[in-house]
Amino acid sequence: MTERSNETPQELFVRVLRVEPEWATILVTNGFTTLEEVAYVPIEELKSIDGLDEQHIQAWRGRARRYLLVQIPEDSDEGDPLAAA
């Protein structure tokens, strides 16, 4: 699925969003714990984090959305959605 079973939200953000560990911690401290939240909350919520600019927000949201779009449930037998593209 979208997360590895023993991965913390900070580790997930570092791996998927490619953020520095400090930014991953700041995101979690501000209540963001899933990729869905980063990808789809109103942008104003992310803009309220001190020191975070819109360029970073848009990049992180794009990475989160792309990652979420290509995930396949482990029990799915549909195969790789990108292979058909």
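Me: Which residues touch the most other members of the largest nonpolar core?

Reply: In this core of 21 residues they are Phe13, Leu17, Leu27, Phe32, Leu35 and Leu46. A nonpolar core is a set of buried Ala, Val, Leu, Ile, Met, Phe, Trp, Tyr and Cys residues joined through side-chain atoms within 4.5 Å. The elements that each give two or more residues to this core are α1, α2 (21–29), α3 (35–40), α4 and α5. The most come from α5, which gives 5 residues. In general, nonpolar side chains tend to be buried together in soluble globular proteins.

Me: What kind of model is this, and how are residues numbered?

Reply: The model is predicted, and local features need pLDDT of at least 70, side-chain atom pairs count only at pLDDT 80 or more, while totals for chains, interfaces and linings use all residues. Residues are numbered from 1 along each chain as its sequence is written, and side-chain values use heavy atoms, with hydrogens and water left out.

Me: How many helices and strands does the protein chain have?

Reply: The protein chain has 5 helices and 0 strands. Both kinds of element are DSSP runs numbered from the N terminus: helices are H or I with at least four residues, strands are E with at least two. From the N terminus on, the order is α-α-α-α-α.

Me: Why is Leu27 called buried?

Reply: Buried means under 20% relative accessible area, exposed means over 50%, and partly exposed is in between (1.4 Å probe, protein chains only). Leu27 has 0% relative accessibility, so Leu27 counts as buried. Its place is in helix α2. Buried residues make up 31% of the 85 residues in the protein chain.

Me: Which residues does Leu27 touch, leaving out those up to four places away in sequence?

Reply: Leu27 touches Phe13, Leu17, Phe32, Leu46, Ile49 and Trp60, where contact means heavy atoms within 4.5 Å. Leu27 and Ile49 are 22 residues apart in sequence, and their C-alpha atoms are 8.2 Å apart in space.

Me: What makes α1 and α5 roughly perpendicular to each other?

Reply: Two packed helices are described by the angle between their axes and the distance between the axes. The axes are lines fitted to C-alpha atoms, for helices over the stretch in contact, and angles run from 0 to 180 degrees between N-to-C directions. Here the axes of α1 (residues 9–17) and α5 (residues 54–70) come within 9 Å and cross at roughly 95 degrees. Angles under 35 degrees count as roughly parallel, over 145 as roughly antiparallel, 65 to 115 as roughly perpendicular and the rest as oblique. The two helices are therefore roughly perpendicular. Their contact is made by Arg15, Val16 and Leu17 of α1 and Trp60, Arg63, Ala64 and Tyr67 of α5.

Me: How do you know that Glu7 forms a salt bridge with Arg15?

Reply: A salt bridge is a side-chain nitrogen of Lys or Arg within 4 Å of a carboxyl oxygen of Asp or Glu. The closest N and O atoms of Glu7 and Arg15 are 2.8 Å apart, so the pair is a salt bridge. Glu7 is buried at 13% relative accessible area, whereas Arg15 is partly exposed at 27%. The whole structure holds 3 salt bridges.

Me: What makes Glu44, Lys47 and Glu54 one network?

Reply: Glu44 and Lys47 form a salt bridge at 3.9 Å, N to O, and both lie in helix α4 (residues 43–47), 3 residues apart, about one turn of the helix. Glu54 also forms a salt bridge with Lys47, with the closest N and O atoms 3.0 Å apart. Salt bridges that share partners join Glu44, Lys47 and Glu54 into one network.

Me: Why is Arg18 called exposed?

Reply: Arg18 has a relative accessible area of 58%, so Arg18 is exposed. Arg18 lies in the loop between α1 and α2. Its phi is near 60 degrees, a positive value in a residue other than glycine.
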